[in-house]
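Look through the structure shown here before reading on. The paragraphs below go from the inside of one chain to the other chain and its surface.

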Amino acid sequence: MTSMKITRRTFLKVSGATAAGTIMGGLGFDLSPAEVYAQELRIKGAKETTSICCYCSVGCGIIVHTDAKGKVINAEGDPDHPISEGALCAKGASSYQIAVNPHRLQKVLYRAPYSSTWKEVKWEWALEKIAANIKKSRDASFMEKNAAGQVVNRTNGIASVGSAAMDNEECWLYSKMLRALGLIYVEHQARI
Amino acid sequence: MADKSFFIDTTKCTACRGCQIACKQWNKNPGTKTLQQGNHQNPADLSASTFKLVRFNEVEVPGGEPQWFFFPDQCRHCMSPPCKEVADEKAKGAIIHDEKTGAVIFNPKVKIKPGDFKEVREACPYDIPRISGAGIMAKCTMCFDRINEGMLPACVKTCPTGAMNFGDRKEILEKANKRLEEVKGTYKDAMLANTDDVRVIFLIVDDPKKYHKFAVADNTIGITRKMALKRLFQPLTSLRHMIG
(Lines give C-alpha, C1' and ligand atoms only; values in the text may rest on other atoms or scores of the structure.)
Protein backbone atom coordinates (compact mmCIF):
# COMPACT_ATOMS: atom_id res chain seq x y z
CA MET A 1 0.00 0.00 0.00
CA THR A 2 2.81 2.40 0.79
CA SER A 3 4.06 2.11 -2.78
CA MET A 4 0.64 3.16 -4.11
CA LYS A 5 0.89 6.54 -5.71
CA ILE A 6 -1.76 8.79 -4.25
CA THR A 7 -2.45 11.92 -6.19
CA ARG A 8 -4.79 14.64 -5.07
CA ARG A 9 -7.38 13.00 -7.32
CA THR A 10 -7.14 9.53 -5.83
CA PHE A 11 -6.91 11.10 -2.42
CA LEU A 12 -10.36 12.51 -2.90
CA LYS A 13 -11.66 9.16 -4.11
CA VAL A 14 -10.26 7.56 -0.99
CA SER A 15 -12.00 10.12 1.13
CA GLY A 16 -15.28 9.28 -0.56
CA ALA A 17 -14.82 5.58 0.13
CA THR A 18 -14.21 6.22 3.79
CA ALA A 19 -17.02 8.71 4.23
CA ALA A 20 -19.22 6.10 5.90
CA GLY A 21 -16.45 5.35 8.35
CA THR A 22 -16.04 9.03 9.13
CA ILE A 23 -19.68 9.45 9.95
CA MET A 24 -19.51 6.51 12.32
CA GLY A 25 -16.32 7.90 13.77
CA GLY A 26 -18.16 11.10 14.60
CA LEU A 27 -20.92 9.07 16.28
CA GLY A 28 -23.37 11.74 15.24
CA PHE A 29 -21.77 14.22 17.62
CA ASP A 30 -21.23 17.52 15.91
CA LEU A 31 -21.75 21.11 16.93
CA SER A 32 -24.20 22.82 14.67
CA PRO A 33 -22.90 25.90 12.85
CA ALA A 34 -25.78 27.81 14.38
CA GLU A 35 -24.19 27.20 17.76
CA VAL A 36 -20.88 28.53 16.57
CA TYR A 37 -22.40 31.55 14.94
CA ALA A 38 -25.14 32.07 17.46
CA GLN A 39 -24.88 35.82 17.20
CA GLU A 40 -27.35 37.57 14.96
CA LEU A 41 -26.44 39.38 11.80
CA ARG A 42 -24.73 42.38 13.30
CA ILE A 43 -26.63 44.89 11.18
CA LYS A 44 -30.04 43.40 11.88
CA GLY A 45 -32.49 46.15 12.71
CA ALA A 46 -29.88 48.84 12.05
CA LYS A 47 -30.96 52.10 10.47
CA GLU A 48 -29.93 52.38 6.83
CA THR A 49 -28.91 55.73 5.37
CA THR A 50 -27.78 56.15 1.79
CA SER A 51 -24.71 58.19 1.01
CA ILE A 52 -22.15 58.81 -1.72
CA CYS A 53 -18.53 57.71 -1.48
CA CYS A 54 -16.35 60.74 -0.84
CA TYR A 55 -13.17 59.48 -2.45
CA CYS A 56 -13.25 59.85 -6.23
CA SER A 57 -15.39 61.37 -8.91
CA VAL A 58 -17.14 58.10 -9.80
CA GLY A 59 -19.50 58.71 -6.87
CA CYS A 60 -20.49 55.18 -5.84
CA GLY A 61 -23.52 54.69 -3.62
CA ILE A 62 -23.07 53.57 -0.03
CA ILE A 63 -25.49 52.34 2.62
CA VAL A 64 -24.43 53.37 6.11
CA HIS A 65 -25.78 51.29 8.98
CA THR A 66 -26.21 53.00 12.36
CA ASP A 67 -27.30 51.52 15.67
CA ALA A 68 -29.97 52.84 18.02
CA LYS A 69 -27.53 55.40 19.42
CA GLY A 70 -26.65 56.70 15.98
CA LYS A 71 -23.19 55.13 15.95
CA VAL A 72 -21.95 53.93 12.58
CA ILE A 73 -21.62 50.14 12.71
CA ASN A 74 -21.20 49.25 9.05
CA ALA A 75 -20.98 50.73 5.56
CA GLU A 76 -21.29 48.85 2.30
CA GLY A 77 -22.27 49.29 -1.32
CA ASP A 78 -25.82 50.33 -2.22
CA PRO A 79 -27.23 47.77 -4.69
CA ASP A 80 -29.92 50.21 -5.81
CA HIS A 81 -27.44 52.89 -6.81
CA PRO A 82 -27.42 53.33 -10.61
CA ILE A 83 -23.70 54.08 -10.83
CA SER A 84 -22.14 51.37 -8.71
CA GLU A 85 -24.92 48.77 -8.22
CA GLY A 86 -23.56 47.77 -4.81
CA ALA A 87 -19.90 47.65 -5.77
CA LEU A 88 -17.14 49.48 -3.92
CA CYS A 89 -13.38 49.50 -4.44
CA ALA A 90 -10.87 49.17 -1.60
CA LYS A 91 -11.24 52.82 -0.61
CA GLY A 92 -15.01 52.84 -0.71
CA ALA A 93 -15.14 49.54 1.15
CA SER A 94 -13.13 51.11 3.96
CA SER A 95 -15.45 54.12 4.27
CA TYR A 96 -16.75 52.87 7.63
CA GLN A 97 -13.46 54.13 9.02
CA ILE A 98 -14.26 57.70 8.08
CA ALA A 99 -16.57 57.63 11.10
CA VAL A 100 -14.95 55.02 13.30
CA ASN A 101 -11.18 55.14 13.50
CA PRO A 102 -9.08 55.90 16.56
CA HIS A 103 -6.24 57.12 14.34
CA ARG A 104 -8.23 60.05 13.03
CA LEU A 105 -7.41 63.52 14.34
CA GLN A 106 -9.96 64.70 16.89
CA LYS A 107 -8.57 68.23 17.38
CA VAL A 108 -6.95 70.87 15.22
CA LEU A 109 -3.17 70.71 15.37
CA TYR A 110 -0.94 73.68 14.60
CA ARG A 111 2.77 73.80 13.95
CA ALA A 112 4.16 77.31 14.08
CA PRO A 113 6.82 78.43 11.59
CA TYR A 114 10.26 76.99 12.53
CA SER A 115 8.69 74.89 15.29
CA SER A 116 9.26 71.14 15.37
CA THR A 117 6.22 70.28 17.46
CA TRP A 118 2.46 70.31 17.03
CA LYS A 119 0.14 71.97 19.50
CA GLU A 120 -3.61 71.69 19.93
CA VAL A 121 -5.58 74.79 18.98
CA LYS A 122 -9.25 75.72 18.82
CA TRP A 123 -11.22 75.65 15.56
CA GLU A 124 -12.02 79.38 15.90
CA TRP A 125 -8.37 80.23 16.32
CA ALA A 126 -7.40 78.09 13.30
CA LEU A 127 -10.01 79.67 11.02
CA GLU A 128 -8.94 83.17 12.08
CA LYS A 129 -5.32 82.25 11.47
CA ILE A 130 -6.05 80.87 7.98
CA ALA A 131 -8.07 83.96 7.09
CA ALA A 132 -5.27 86.23 8.32
CA ASN A 133 -2.66 84.32 6.31
CA ILE A 134 -4.76 84.46 3.15
CA LYS A 135 -5.19 88.21 3.58
CA LYS A 136 -1.48 88.68 4.19
CA SER A 137 -0.42 86.64 1.14
CA ARG A 138 -3.05 88.17 -1.09
CA ASP A 139 -2.14 91.72 -0.16
CA ALA A 140 1.53 90.97 -0.78
CA SER A 141 1.10 89.21 -4.13
CA PHE A 142 -1.97 90.79 -5.70
CA MET A 143 -1.33 91.99 -9.24
CA GLU A 144 -3.70 94.51 -10.77
CA LYS A 145 -2.03 94.75 -14.17
CA ASN A 146 0.39 92.47 -15.99
CA ALA A 147 3.61 93.50 -17.69
CA ALA A 148 1.71 94.55 -20.80
CA GLY A 149 -0.48 96.85 -18.76
CA GLN A 150 -3.62 94.75 -19.13
CA VAL A 151 -5.96 94.48 -16.14
CA VAL A 152 -5.64 90.98 -14.63
CA ASN A 153 -6.56 91.32 -10.92
CA ARG A 154 -4.84 88.10 -9.91
CA THR A 155 -3.22 86.57 -6.83
CA ASN A 156 -0.06 84.70 -7.71
CA GLY A 157 0.97 84.02 -4.12
CA ILE A 158 -1.67 81.39 -3.33
CA ALA A 159 -2.55 78.06 -4.95
CA SER A 160 -5.37 75.64 -4.22
CA VAL A 161 -5.08 71.88 -4.54
CA GLY A 162 -8.14 69.67 -4.02
CA SER A 163 -10.60 68.30 -3.35
CA ALA A 164 -12.12 65.19 -4.90
CA ALA A 165 -14.14 64.72 -1.74
CA MET A 166 -16.35 67.69 -2.58
CA ASP A 167 -19.63 67.35 -4.39
CA ASN A 168 -20.71 69.38 -7.40
CA GLU A 169 -22.27 72.26 -5.47
CA GLU A 170 -19.36 72.50 -3.05
CA CYS A 171 -16.95 72.61 -5.99
CA TRP A 172 -18.93 75.48 -7.48
CA LEU A 173 -18.87 77.44 -4.22
CA TYR A 174 -15.22 76.72 -3.63
CA SER A 175 -14.23 77.69 -7.16
CA LYS A 176 -16.30 80.87 -6.86
CA MET A 177 -14.49 81.83 -3.65
CA LEU A 178 -11.03 81.16 -5.11
CA ARG A 179 -11.74 83.18 -8.28
CA ALA A 180 -13.06 86.04 -6.12
CA LEU A 181 -9.73 86.05 -4.30
CA GLY A 182 -7.98 86.21 -7.67
CA LEU A 183 -6.39 82.76 -7.63
CA ILE A 184 -5.32 81.30 -10.94
CA TYR A 185 -3.55 78.20 -9.66
CA VAL A 186 -6.66 76.13 -8.94
CA GLU A 187 -6.05 72.43 -9.30
CA HIS A 188 -8.55 69.70 -8.70
CA GLN A 189 -7.50 66.15 -8.08
CA ALA A 190 -10.53 64.64 -9.70
CA ARG A 191 -9.76 60.98 -9.35
CA ILE A 192 -8.12 58.62 -6.85
CA MET B 1 -30.76 26.56 1.78
CA ALA B 2 -29.06 25.13 -1.22
CA ASP B 3 -25.44 24.14 -1.50
CA LYS B 4 -23.46 27.34 -2.11
CA SER B 5 -20.37 28.11 -4.17
CA PHE B 6 -18.14 30.96 -5.32
CA PHE B 7 -16.90 31.55 -8.83
CA ILE B 8 -13.79 33.75 -9.01
CA ASP B 9 -13.05 34.90 -12.52
CA THR B 10 -9.42 36.06 -12.45
CA THR B 11 -9.71 37.37 -16.03
CA LYS B 12 -11.95 40.11 -14.64
CA CYS B 13 -9.90 40.87 -11.52
CA THR B 14 -8.15 44.24 -11.59
CA ALA B 15 -6.66 43.71 -8.11
CA CYS B 16 -8.42 46.74 -6.70
CA ARG B 17 -8.53 44.88 -3.37
CA GLY B 18 -12.12 45.90 -2.71
CA CYS B 19 -12.85 42.32 -1.62
CA GLN B 20 -9.91 42.29 0.75
CA ILE B 21 -11.04 45.46 2.51
CA ALA B 22 -14.75 44.59 2.51
CA CYS B 23 -13.79 41.31 4.20
CA LYS B 24 -11.75 43.14 6.84
CA GLN B 25 -14.53 45.62 7.40
CA TRP B 26 -17.36 43.11 7.75
CA ASN B 27 -15.37 40.78 9.99
CA LYS B 28 -14.06 43.73 12.01
CA ASN B 29 -10.52 42.52 11.58
CA PRO B 30 -7.81 45.01 12.51
CA GLY B 31 -5.15 46.22 10.12
CA THR B 32 -1.73 44.64 10.39
CA LYS B 33 1.65 46.36 10.37
CA THR B 34 3.37 45.55 7.11
CA LEU B 35 6.61 46.26 5.30
CA GLN B 36 7.16 47.04 1.65
CA GLN B 37 7.75 43.68 -0.03
CA GLY B 38 8.92 45.03 -3.35
CA ASN B 39 5.55 44.57 -5.04
CA HIS B 40 1.98 45.79 -4.74
CA GLN B 41 0.73 42.91 -2.61
CA ASN B 42 -0.11 43.97 0.92
CA PRO B 43 -0.11 42.37 3.45
CA ALA B 44 2.44 39.71 2.57
CA ASP B 45 0.24 36.80 3.58
CA LEU B 46 -3.09 35.67 4.99
CA SER B 47 -3.34 35.86 8.79
CA ALA B 48 -5.78 35.38 11.63
CA SER B 49 -6.98 38.90 10.82
CA THR B 50 -6.73 38.72 7.01
CA PHE B 51 -9.12 36.13 5.57
CA LYS B 52 -9.03 37.42 2.02
CA LEU B 53 -5.88 38.51 0.20
CA VAL B 54 -5.34 39.62 -3.37
CA ARG B 55 -2.01 38.12 -4.33
CA PHE B 56 0.07 39.99 -6.90
CA ASN B 57 2.56 37.83 -8.70
CA GLU B 58 5.04 39.21 -11.21
CA VAL B 59 6.49 36.72 -13.66
CA GLU B 60 9.43 37.53 -15.87
CA VAL B 61 9.42 35.88 -19.25
CA PRO B 62 12.88 35.65 -20.84
CA GLY B 63 12.83 37.88 -23.89
CA GLY B 64 9.17 38.70 -23.43
CA GLU B 65 7.02 41.19 -21.63
CA PRO B 66 6.77 40.75 -17.85
CA GLN B 67 3.43 39.30 -16.80
CA TRP B 68 1.32 40.17 -13.81
CA PHE B 69 -1.04 37.72 -12.15
CA PHE B 70 -3.77 38.61 -9.68
CA PHE B 71 -5.15 35.97 -7.36
CA PRO B 72 -7.86 36.87 -4.82
CA ASP B 73 -6.98 34.08 -2.39
CA GLN B 74 -9.35 32.68 0.24
CA CYS B 75 -10.57 29.43 1.79
CA ARG B 76 -12.00 27.07 -0.87
CA HIS B 77 -14.62 25.55 1.45
CA CYS B 78 -13.73 22.02 0.26
CA MET B 79 -16.44 19.45 -0.41
CA SER B 80 -14.66 17.16 2.05
CA PRO B 81 -12.31 19.43 4.01
CA PRO B 82 -9.01 17.78 5.03
CA CYS B 83 -8.52 20.42 7.75
CA LYS B 84 -11.63 19.14 9.52
CA GLU B 85 -10.40 15.56 9.40
CA VAL B 86 -7.28 16.56 11.31
CA ALA B 87 -9.06 18.94 13.66
CA ASP B 88 -11.67 16.34 14.60
CA GLU B 89 -8.88 14.24 16.05
CA LYS B 90 -6.94 17.07 17.67
CA ALA B 91 -9.49 19.60 18.85
CA LYS B 92 -13.07 18.39 18.72
CA GLY B 93 -15.48 20.95 17.36
CA ALA B 94 -12.76 23.34 16.19
CA ILE B 95 -13.88 22.99 12.57
CA ILE B 96 -17.45 22.62 11.46
CA HIS B 97 -18.82 21.71 8.05
CA ASP B 98 -22.25 23.21 7.52
CA GLU B 99 -24.47 20.67 5.77
CA LYS B 100 -26.78 23.16 4.15
CA THR B 101 -24.45 25.71 2.62
CA GLY B 102 -21.27 23.64 2.58
CA ALA B 103 -19.40 26.35 4.49
CA VAL B 104 -16.33 25.17 6.39
CA ILE B 105 -16.21 27.17 9.61
CA PHE B 106 -13.52 27.52 12.24
CA ASN B 107 -15.10 27.67 15.67
CA PRO B 108 -13.80 30.80 17.42
CA LYS B 109 -14.61 29.21 20.80
CA VAL B 110 -12.29 26.23 20.47
CA LYS B 111 -8.57 26.59 21.13
CA ILE B 112 -5.97 24.42 19.47
CA LYS B 113 -2.38 23.61 20.43
CA PRO B 114 0.33 25.03 18.15
CA GLY B 115 1.55 21.55 17.20
CA ASP B 116 -1.96 20.41 16.30
CA PHE B 117 -2.59 23.58 14.36
CA LYS B 118 0.52 22.90 12.30
CA GLU B 119 -1.00 19.61 11.19
CA VAL B 120 -4.30 21.29 10.32
CA ARG B 121 -2.51 23.86 8.21
CA GLU B 122 -0.39 21.25 6.46
CA ALA B 123 -3.49 19.22 5.67
CA CYS B 124 -4.92 22.12 3.67
CA PRO B 125 -3.94 21.79 0.00
CA TYR B 126 -4.38 25.57 -0.34
CA ASP B 127 -2.47 26.64 2.78
CA ILE B 128 -5.34 28.63 4.24
CA PRO B 129 -5.67 28.03 8.01
CA ARG B 130 -4.05 30.61 10.28
CA ILE B 131 -3.93 30.96 14.05
CA SER B 132 -4.12 33.92 16.41
CA GLY B 133 -1.81 34.47 19.34
CA ALA B 134 -4.58 33.22 21.61
CA GLY B 135 -4.61 29.81 19.89
CA ILE B 136 -7.80 30.39 17.93
CA MET B 137 -7.86 29.36 14.26
CA ALA B 138 -9.27 31.77 11.73
CA LYS B 139 -10.07 32.02 8.03
CA CYS B 140 -12.87 32.95 5.61
CA THR B 141 -16.30 32.19 7.10
CA MET B 142 -18.17 32.36 3.77
CA CYS B 143 -19.84 35.30 5.58
CA PHE B 144 -22.00 32.68 7.23
CA ASP B 145 -24.08 35.27 9.10
CA ARG B 146 -24.76 37.18 5.88
CA ILE B 147 -25.62 34.27 3.61
CA ASN B 148 -28.04 32.90 6.19
CA GLU B 149 -29.95 36.16 5.80
CA GLY B 150 -29.89 35.91 2.03
CA MET B 151 -27.14 38.51 1.67
CA LEU B 152 -24.06 38.13 -0.50
CA PRO B 153 -20.68 37.60 1.16
CA ALA B 154 -18.98 40.98 1.71
CA CYS B 155 -16.24 40.28 -0.86
CA VAL B 156 -18.71 39.33 -3.59
CA LYS B 157 -21.03 42.24 -2.94
CA THR B 158 -18.27 44.82 -3.20
CA CYS B 159 -16.55 43.48 -6.34
CA PRO B 160 -16.79 46.21 -9.00
CA THR B 161 -15.78 44.05 -11.97
CA GLY B 162 -17.81 40.88 -11.52
CA ALA B 163 -14.74 38.77 -10.78
CA MET B 164 -16.30 37.56 -7.51
CA ASN B 165 -19.53 35.59 -7.82
CA PHE B 166 -21.61 33.65 -5.31
CA GLY B 167 -24.78 31.59 -5.43
CA ASP B 168 -26.32 28.14 -5.53
CA ARG B 169 -23.71 25.63 -6.58
CA LYS B 170 -25.59 24.44 -9.64
CA GLU B 171 -25.94 27.95 -11.04
CA ILE B 172 -22.37 28.85 -10.16
CA LEU B 173 -21.07 25.77 -11.97
CA GLU B 174 -23.11 26.69 -15.04
CA LYS B 175 -21.79 30.24 -14.92
CA ALA B 176 -18.20 29.04 -14.50
CA ASN B 177 -18.38 26.60 -17.39
CA LYS B 178 -20.05 29.15 -19.64
CA ARG B 179 -17.33 31.69 -18.90
CA LEU B 180 -14.64 29.07 -19.47
CA GLU B 181 -16.00 28.46 -22.97
CA GLU B 182 -16.05 32.21 -23.61
CA VAL B 183 -12.42 32.79 -22.68
CA LYS B 184 -10.98 29.63 -24.24
CA GLY B 185 -10.63 31.38 -27.57
CA THR B 186 -8.46 34.11 -26.07
CA TYR B 187 -6.62 32.00 -23.51
CA LYS B 188 -5.82 28.48 -24.67
CA ASP B 189 -4.71 27.39 -21.19
CA ALA B 190 -7.88 28.56 -19.45
CA MET B 191 -9.08 26.18 -16.75
CA LEU B 192 -11.36 25.92 -13.75
CA ALA B 193 -9.43 24.91 -10.65
CA ASN B 194 -10.47 21.73 -8.79
CA THR B 195 -14.12 22.26 -9.70
CA ASP B 196 -15.42 18.99 -8.24
CA ASP B 197 -13.53 19.26 -4.97
CA VAL B 198 -14.11 22.81 -3.77
CA ARG B 199 -16.80 25.44 -3.37
CA VAL B 200 -14.58 28.30 -4.50
CA ILE B 201 -13.92 27.81 -8.17
CA PHE B 202 -11.18 29.89 -9.75
CA LEU B 203 -11.00 30.52 -13.47
CA ILE B 204 -7.32 30.86 -14.37
CA VAL B 205 -5.78 31.22 -17.79
CA ASP B 206 -2.16 30.23 -17.31
CA ASP B 207 0.06 27.89 -15.32
CA PRO B 208 -1.44 27.93 -11.78
CA LYS B 209 2.02 28.29 -10.24
CA LYS B 210 2.31 31.70 -11.89
CA TYR B 211 -0.64 32.88 -9.80
CA HIS B 212 0.24 31.37 -6.46
CA LYS B 213 2.10 28.34 -5.16
CA PHE B 214 -1.13 26.92 -3.71
CA ALA B 215 -3.56 28.13 -6.38
CA VAL B 216 -4.50 24.62 -7.46
CA ALA B 217 -4.23 21.48 -5.34
CA ASP B 218 -1.85 18.83 -6.52
CA ASN B 219 0.04 15.94 -5.02
CA THR B 220 3.23 17.85 -4.26
CA ILE B 221 2.06 18.63 -0.75
CA GLY B 222 3.63 15.88 1.33
CA ILE B 223 0.87 15.75 3.89
CA THR B 224 -1.77 14.96 1.30
CA ARG B 225 -0.55 11.41 0.99
CA LYS B 226 -0.18 11.05 4.72
CA MET B 227 -3.69 12.32 5.17
CA ALA B 228 -5.07 9.96 2.56
CA LEU B 229 -3.48 6.98 4.27
CA LYS B 230 -4.83 8.14 7.58
CA ARG B 231 -8.29 8.35 6.09
CA LEU B 232 -7.91 4.88 4.69
CA PHE B 233 -7.36 3.54 8.18
CA GLN B 234 -9.98 5.70 9.79
CA PRO B 235 -12.77 3.09 9.82
CA LEU B 236 -10.48 0.90 11.91
CA THR B 237 -9.71 3.63 14.43
CA SER B 238 -13.36 4.56 14.61
CA LEU B 239 -14.22 0.97 15.33
CA ARG B 240 -11.66 0.96 18.09
CA HIS B 241 -13.27 4.04 19.59
CA MET B 242 -16.65 2.41 19.50
CA ILE B 243 -15.43 -0.76 21.17
CA GLY B 244 -13.02 0.86 23.53
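A nonpolar core is a set of buried Ala, Val, Leu, Ile, Met, Phe, Trp, Tyr and Cys residues joined through side-chain atoms within 4.5 Å. The term is needed for what follows, which concerns a predicted model. The largest nonpolar core has 39 residues. Those with the most contacts inside this core are F6(B), M164(B), L192(B), F202(B), L203(B) and Y211(B). Several elements of chain B give two or more residues to the core, including the strands β1 (4–9), β2 (53–59), β3 (67–73) and β8 (164–168). The helices α4 (144–147), α5 (154–158) and α6 (169–184) of chain B also do so, as does β10 (200–204). Which element gives the largest share of this core? That element is β10(B), with 5 residues.

Neighbours within four places in sequence are left aside here, and M164(B) is then in contact with F6(B), F7(B), I8(B), K52(B), Q74(B), C155(B), V156(B) and C159(B). Another core lies apart from the largest one and has 17 residues. Among its members are I43(A), I62(A), A75(A) and C143(B).

Now take chain B as a whole. Chain B contains 8 helices and 10 strands, and 56% of its 244 residues count as buried. Of the contacts in chain B between residues at least 6 apart in sequence, 61% join residues at least 24 apart.

Helix α1 of chain B covers residues 18–26 and is mostly covered, with 8 of its 9 residues buried. These buried residues are G18(B), C19(B), Q20(B), A22(B), C23(B), K24(B), Q25(B) and W26(B). Just after α1(B) comes K28(B), which takes a positive phi of about 55°.

Chain A comes next. Chain A has 7 helices and 8 strands, and 29% of its 192 residues count as buried. Of its contacts between residues at least 6 apart in sequence, 37% join residues at least 24 apart. Chain A exposes about 13,400 Å², of which carbon and sulfur atoms supply 58%. Chain A is divided into domain 1 (47–99) and domain 2 (108–187). The centres of these two domains, taken over C-alpha atoms, are 31 Å apart.

W123(A), L127(A), I130(A) and I134(A) make a nonpolar surface patch of about 430 Å². I130(A) is found in helix α6 of chain A, which runs over residues 123–141. An α-helix has 3.6 residues a turn, so residues three or four places apart point the same way. I130(A) counts as partly exposed because its relative accessibility is 47%.

Conventions: Residues are numbered from 1 along each chain as its sequence is written. Chains are lettered from A and ligands numbered from 1 in the order in which they are written. This is a predicted model: local features need pLDDT of at least 70, side-chain atom pairs count only at pLDDT 80 or more; totals for chains, interfaces and linings use all residues. Side-chain values use heavy atoms; hydrogens and water are left out. Helices (H or I, at least four residues) and strands (E, at least two) are DSSP runs, numbered from the N terminus. Buried means under 20% relative accessible area, exposed over 50%, partly exposed in between (1.4 Å probe, protein chains only). Contact means heavy atoms within 4.5 Å. Patches are made of residues with over 30% relative accessible area and no salt bridge: like charges are joined within 9 Å, nonpolar side chains (Val, Leu, Ile, Met, Phe, Trp, Tyr) within 5 Å. Accessible areas come from the Shrake-Rupley method with a 1.4 Å probe; for residues, only the protein chains shown count as cover. A salt bridge is a side-chain nitrogen of Lys or Arg within 4 Å of a carboxyl oxygen of Asp or Glu. Domain bounds come from an automatic or database domain assignment.
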